[in-house]
Amino acid sequence: MFFDSHAHYDDKAFDADREQLLGSFPEKGIGYVVNAGASFASSERSLELADKYPFLYAAVGIHPEHAQTLDEKGLEWLRSRLSDPKVAAVGEIGLDYYWDEPDPLIQIEAFRLQLDLAKEAGKPVIIHSRDAARDTLETMRTEYGKDRPAVIHCFSYSKETAREFLDLGYLIGIGGVVTFKNARKVKEAVEYIPLDRLLLETDCPYLAPDPFRGRRNSSLNLPLVAARIAALKGLTEEEVEEATFRNAKRFYGID
Ligand code: NI
């Protein structure tokens with residue numbers, strides 16, 4: 001069975017067939033899904049999906065692109081949701097310097113506040129980090145700490161940077177990008193990262209693996225990602241499937 005550690009089934013890309021698609025997962029080998037929030041609205045929708053599907057858990061959090069929307073009241077709302085047993089994590093939170101906005105100082109402040117929240121509630125964090133490796137490492141080191149549960153989702157940095165995150169005790173999330181022809185850096189990182197530190201993810205509807213690149217992604221494509229990781233690491237697909245399933249259950253505290 002597969003565990004999709006990061007998906008966005010609240011996205012409008014699934015409006016036409018969400019029920020049918022999600023309803024098919026148990027018979028198609030998708031054991032669990034964590035649906036990540038990115039804004040207040042999508043965190044709310046994540047919770048609704050978690051209420052409806054036993055195999056789907058929610059993460060609630062404010063993505064760096066919405067960092068400026070996190071005020072005192074919003075923080076209280078997030079805090080109040082963390083006692084829900086179907087809330088598996090705080091996320092996705094982090095830093096994204098690809099665009100000029102919001103200002104990095106605003107992003108770092110929202111990131112710190114949400115790391116504190118997760119620490120206080122004893123929940124794992126799902127980290128979004130793009131073009132911001134240094135500040136992500138620094139903020140997590142000082143604000144969150146070593147050997148606490150965190151996954152660097154859709155990992156896009158080098159093997160050397162992977163080592164720094166691994167040294168802090170964090171996990172690495174790998175999705176469709178590892179199947180892309182031009183993804184040399186991520187492939188090198190995957191060869192290097194120990195199997196017990198890897199999570200499988202889709203980030204769907206985005207980042208469909210080859211040969212479906214550019215199309216709508218879903219958890220049903222996870223076997224393609226597992227096959228690619230297995231080939232890179234000289235393992236069988238089953239070994240990757242089973243290990244990442246175990247890793248994700250342990251990480252999210254799901255029995
Ligand atoms: Ni995402």
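Before you click: residues count from 1 along each chain as its sequence is written, and side-chain values use heavy atoms, with hydrogens and water left out. Because the model is predicted, local features need pLDDT of at least 70 and side-chain atom pairs count only at pLDDT 80 or more, while totals for chains, interfaces and linings use all residues.

**Whole chain.** Select the protein chain and colour by secondary structure: you get nine helices and eight strands (DSSP runs, H or I of at least four residues for helices, E of at least two for strands, numbered from the N terminus). The C-alpha trace spans about 45 × 40 × 35 Å along its principal axes. Now colour by burial: 56% of the 255 residues are buried, meaning under 20% relative accessible area with a 1.4 Å probe, protein chains only.

**Helix α6.** Next, select residues 159-167, which form α6, and show side chains: T161, A162, F165 and L166 are buried. They cover an arc of only 145 degrees around the axis, so they sit on the same side of α6 (the arc is that of the directions from the helix axis to the C-beta atoms). An α-helix has 3.6 residues a turn, so residues three or four places apart point the same way.

**Last stop.** Pick G169, which follows α6 and has a positive phi, near 90 degrees.

Methods
Buried < 20%, exposed > 50% of the residue type's maximum accessible area, 1.4 Å probe, protein only.
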